[in-house]
Amino acid sequence: MESIPLTWEEVARVYGRKIYNFAYRLAGNPDDAADLVQEVLLRVRRGLEAYQPGSFEGWLWRITRNAFLDEVRRRNRRPTAPMPEEVDRWGAASAVGADVESDRISLGDDIQKALLQLPYEFREAVVMCDVIGLSYEEIAQATAVPIGTVRSRIHRGRKMLRELLG
Amino acid sequence: MTHPSDAISAYLDGELTAAESRLLMAHLASCGKCVAEMEDLQRVRAAIRALPVVELPQGLVPEAEAELVPLRRHRGFWMGAAATVVAAVIAVAAMFSSPPQPNLTVEDLSSRFGARASLDPAFTPAKVNVIYQEGE
């Protein structure tokens with residue numbers, strides 16, 4: 001049984017990094033990810049009083065997803081098309097330590113670039129599952145689609161990544 | 001032959017029921033194509049899960065650095081899934097008195113995927129400037 005954070009500050013401490021990583025993998029750059037974290041926490045702050053006990057993860061990730069999509073719409077640009085320099089900047093901006101093998105960093109860059117080439121729905125499902133660690137049911141709640149659709153999106157997303165990564 | 005398609009990913013994620021897992025195992029025991037696909041998908045899945053955790057910029061959220069929170073919470077989940085895998089493989093092994101393919105047995109599948117489940121990077125997420133707890 002998951003415990004439910006009671007204040008937005010607790011939500012920020014417990015989930016801030018997860019939200020940041022979710023946005024980072026979807027958008028491919030740190031600035032958009034930071035903006036999203038702030039926007040999500042603002043919405044959580046507004047929404048916590050009205051929160052009804054249930055799946056907190058589903059509630060939080062629904063807010064996060066909607067905030068991301070709203071921001072994408074607001075900027076009127078596709079989240080699948082980061083500028084090349086943004087992708088390159090990712091390597092320098094990430095928190096990868098100096099002791100991490102260079103080939104691993106290179107592979108991570110390749111995977112990140114491949115992720116950004118996936119259609120949004122597939123990328124979102126894969127990131128929620130493999131980066132954040134949500135269950136299919138939680139992803140279904142967050143994205144408001146049936147579990148069967150989540151299952152299909154994750155599978156197809158991984159198959160696309162396999163093709164892209166060669 | 002009808003291939004199980006997205007059941008393979010769901011199996012890797014521990015999202016199949018025991019009955020669905022048994023059906024998939026039975027199919028894999030006679031379908032090299034799906035075994036190869038499972039291996040490919042397992043590699044992709046592991047690669048995504050091995051992506052380094054990106055740390056929050058300082059000051060973005062209050063006292064975030066003080067918290068010890070895992071980014072992923074697959075460990076407990078996968079322990080259960082691994083147990084399911086073992087149970088499913090044992091059940092399938094009992095169904096086949098003789099393997100349908102001379103070079104592929106249920107035991108092969110067990111060693112390939114059961115062992116990988118326990119070695120999945122989700123058990124030990126990339127440790128990049130992060131201190132992890134043993135679950136949430």
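Chain A holds eight helices and zero strands, where helices (H or I, at least four residues) and strands (E, at least two) are DSSP runs numbered from the N terminus. This is a predicted model, in which local features need pLDDT of at least 70 and side-chain atom pairs count only at pLDDT 80 or more, while totals for chains, interfaces and linings use all residues. Residues are numbered from 1 along each chain as its sequence is written, chains are lettered from A in the order in which they are written, and side-chain values use heavy atoms, with hydrogens and water left out.

Read from the N terminus, the elements of chain A follow the order α-α-α-α-α-α-α-α. Of its 166 residues, 54% count as buried, a term that stands for under 20% relative accessible area, with exposed meaning over 50% and partly exposed lying in between (1.4 Å probe, protein chains only). Among the contacts in chain A with a separation of 6 or more, 70% come from residues 24 or more positions apart, a contact being heavy atoms within 4.5 Å.

Two packed helices are described by the angle between their axes and the distance between the axes. Axes are lines fitted to C-alpha atoms, for helices over the stretch in contact, and angles run from 0 to 180 degrees between N-to-C directions. In chain A, helix α3 (residues 56–75) and helix α7 (residues 136–143) have axes that come within 7 Å and cross at roughly 45°. That angle makes α3(A) oblique to α7(A), because angles under 35 degrees count as roughly parallel, over 145 as roughly antiparallel, 65 to 115 as roughly perpendicular and the rest as oblique. From α3(A), the residues Glu57(A), Gly58(A), Trp61(A), Arg62(A) and Arg65(A) meet Glu138(A), Gln141(A), Ala142(A) and Thr143(A) of α7(A). By class, this contact has two nonpolar, three polar and four charged residues, with Ala, Val, Leu, Ile, Met, Phe, Trp, Tyr, Cys and Pro counted as nonpolar, Asp, Glu, Lys and Arg as charged, and the others, Gly among them, as polar.

In chain B, helix α2 (residues 18–28) packs with helix α3 (residues 32–49) at an angle of about 115°, their axes being 8 Å apart. Leu24(B), His27(B) and Leu28(B) of α2(B) make this contact with Cys34(B), Val35(B) and Met38(B) of α3(B), and the residues divide into five nonpolar, one polar and no charged.

Turning to the cysteines, the count over all chains comes to zero disulfides, a disulfide being a pair of cysteine sulfur atoms within 2.5 Å. Cys31(B) is in no disulfide, and the nearest cysteine sulfur, that of Cys34(B), is 3.6 Å away. Cys31(B) is buried, with a relative accessible area of 4%, and Cys129(A) is also buried, at 2%.
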